[in-house]
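These are my notebook entries on one model, set down in the order in which I looked things up. The model itself comes before the entries.

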Amino acid sequence: MAKGKKSALKENEGISQSEITNAASIKNIKKKRNAKINPKTLVAAILKKDITALSRAITLVESTNADHFPIAHSIIKQCLPHANNSIRIGITGVPGVGKSTFIETFGKHLTARGKRVAVLAIDPSSSLTKGSILGDKTRMDALVKDENAYIRPSASGKSLGGVARKTRESIILCEAAGFDVIIIETVGVGQSETTVHSMVDFFLLLKLAGAGDELQGIKRGIIEMADTIAINKADGDNLKQAKIAKVEFNRALHLYPQKASNWQPKVMLCSALKNEGIDDIWKLVLEYIETTTKNHYFDKKRKEQNKFWLIQTIEDQLKSEFFNRPDIKKELATQLHLIDNNKTTPFAAAYYLLNLTH
Ligand SMILES: Nc1nc2c(ncn2[C@@H]2O[C@H](COP(=O)(O)OP(=O)(O)OP(=O)(O)O)[C@@H](O)[C@H]2O)c(=O)[nH]1
Ligand SMILES: [Mg+2]
């Protein structure tokens, strides 16, 4: 503010400030708010489908403040017995394939059938492009306003592992809050699909026809993970090409070995924009759930995922404890410097650093 100009916000000396603007009272309010976090009350509210409580719990789970860890832990633990009762669907695809549009249409389709839908996102680039998912939130206009839907932007984190762990815990919270379908969205880059695949029951890959897409961007691993491939934007002039792509994908899929789920992945056509083929995809999800429940693969997969996450959590925890130690931080810098100067080997340096913790 220009010098000499009086701020309307600043009150005259001698006149007591209102309770809300008074610094001491702000501190007090903050303190009260923090003290008020009672896991039991919060969990009770979550179980009553209170979305504010759910959001608050997710924020605690996402928090990197060590003071919040025990509270977050306690909330998750209390929610666990109420979790597991949802269909978890992973959706992936390259930028622009229509994930947000698809989730909007698919989500509305489900809420119209009385389902409660939660959308979580794993965005490995979120720390770089902050707000991209928030932008998405406005793109999912109708779903955002739907009282049976809950859209949560992803935590922006440094490591994909960290963000993913939090997403997994958020799934538990959403299930405790009574959501029937949890959609985990990720953009098809890097390792994020593998991560999402390890926390969902059904994995849907969105693709585009034409533009050489069926030859270019196919990462073999992703196709192998997919329980269904949906060729989106199968509308207008694109329909013909989409139909050709469907035949090609179907042929390609038959070259893959039979899945442990005994489920033969399907290729579907859809238009998220025109709401075409969406119901068929939902029916397919239900068919998948029925088939894999009957052959016990559904439970087996969830157990395998839990075991995987147990190991993953330990690895994450050990790593972060190790790298956050002040002595390691200091010595690591020294060892890196020595490597720069060819004075040690990576193995000798690692051995030395690891030994510091014993
Ligand atoms: N014609 C047509 N256009 C679509 C369809 N689905 C999405 N689009 C358009 O494609 C563009 C990208 O859609 P988004 O839903 O934002 O795609 P996205 O995969 O979420 O993209 P990122 O968030 O950038 O990864 C938008 O302009 C949509 O309107 C569809 O079924 N048909
Ligand atoms: Mg999007």
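This is a predicted model: local features need pLDDT of at least 70, side-chain atom pairs count only at pLDDT 80 or more; totals for chains, interfaces and linings use all residues.

**Entry 1: Lys99.** Is Lys99 buried or exposed, and how many other C-beta atoms lie within 10 Å? I counted 25 other C-beta atoms within 10 Å of Lys99. The cut-off for a buried residue is 20 or more, so Lys99 is buried. I then looked up its place in the fold and found Lys99 in helix α5. Leaving aside residues up to four places away in sequence, I found that Lys99 touches Ile91, Gly93, Glu185 and Leu206. I also checked Lys99 against Thr186: the two are 87 residues apart in sequence, and their C-alpha atoms are 8.6 Å apart in space.

**Entry 2: helix α5.** I turned to the helix that holds Lys99. Helix α5 covers residues 99-111, and its 13 residues should span 18 Å at 1.5 Å a residue. I found its end C-alpha atoms 18 Å apart, which agrees with that expectation. I listed the buried residues of α5 as Lys99, Ser100, Phe102, Ile103, Glu104, Thr105, Phe106, Gly107 and Leu110.

**Entry 3: ligand 1.** Which residues are closest to ligand 1? I found 17 residues around the ligand, the closest being Gly98, Lys99, Ser100, Thr101 and Leu273. The elements that give two or more residues to this shell are α5 and α6 (132-139). The largest share, three residues, comes from α5. By class, I recorded five nonpolar, seven polar and five charged residues in the shell.

**Entry 4: strand β1.** I next examined strand β1, residues 87-93. Seven of its seven residues are buried, so β1 is largely enclosed by the rest of the structure. In a regular strand the side chains alternate between the two faces of the sheet.

**Entry 5: strand pairing.** Which strands pair with β1? I found that β1 pairs in the parallel sense with β4 (residues 181-187) over seven bridges, and in the parallel sense with β5 (residues 202-208) over four bridges. Arg88 has Ile182 of β4 as its bridge partner, while Thr92 has Leu205 of β5. I also followed β4 to strand β2 (residues 117-122): the two run parallel and are joined by six bridges. Here Leu120 has Ile184 of β4 as its bridge partner.

**Entry 6: the sheet.** I traced seven strands in an open sheet, in the order β3-β2-β4-β1-β5-β6-β7, with parallel pairing. The edge strands are β3 (149-152) and β7 (266-269), each of which pairs on one side only. Neighbouring strands of the sheet are turned by 20° against each other on average, direction ignored.

**Entry 7: helices across the sheet.** I looked up two helices that lie across strands of the sheet. Helix α11 (residues 239-253) lies across β6 (228-232) and β7, running at about 170° to β7. Helix α12 (residues 278-294) lies across β1, β5, β6 and β7, and runs at about 160° to β7.

**Entry 8: the whole chain.** I ended with totals for the protein chain, which has 15 helices and seven strands. Of its 358 residues, 34% count as buried. Among contacts between residues at least 6 apart in sequence, I noted that 73% join residues at least 24 apart.

Key. Residues are numbered from 1 along each chain as its sequence is written. Chains are lettered from A and ligands numbered from 1 in the order in which they are written. The expected span of a helix is 1.5 Å times one less than its number of residues. A residue is buried if 20 or more other C-beta atoms lie within 10 Å of its own, exposed if 12 or fewer, and partly exposed in between; C-beta atoms are placed from the backbone. A residue is near a molecule or strand if its C-beta atom, placed from the backbone, lies within 6 Å of it. Ala, Val, Leu, Ile, Met, Phe, Trp, Tyr, Cys and Pro count as nonpolar, Asp, Glu, Lys and Arg as charged, and the others, Gly among them, as polar. Two strands pair if DSSP finds at least two bridges between them. Axes are lines fitted to C-alpha atoms, for helices over the stretch in contact, and angles run from 0 to 180 degrees between N-to-C directions. Two residues are in contact if their C-beta atoms, placed from the backbone, lie within 7 Å.
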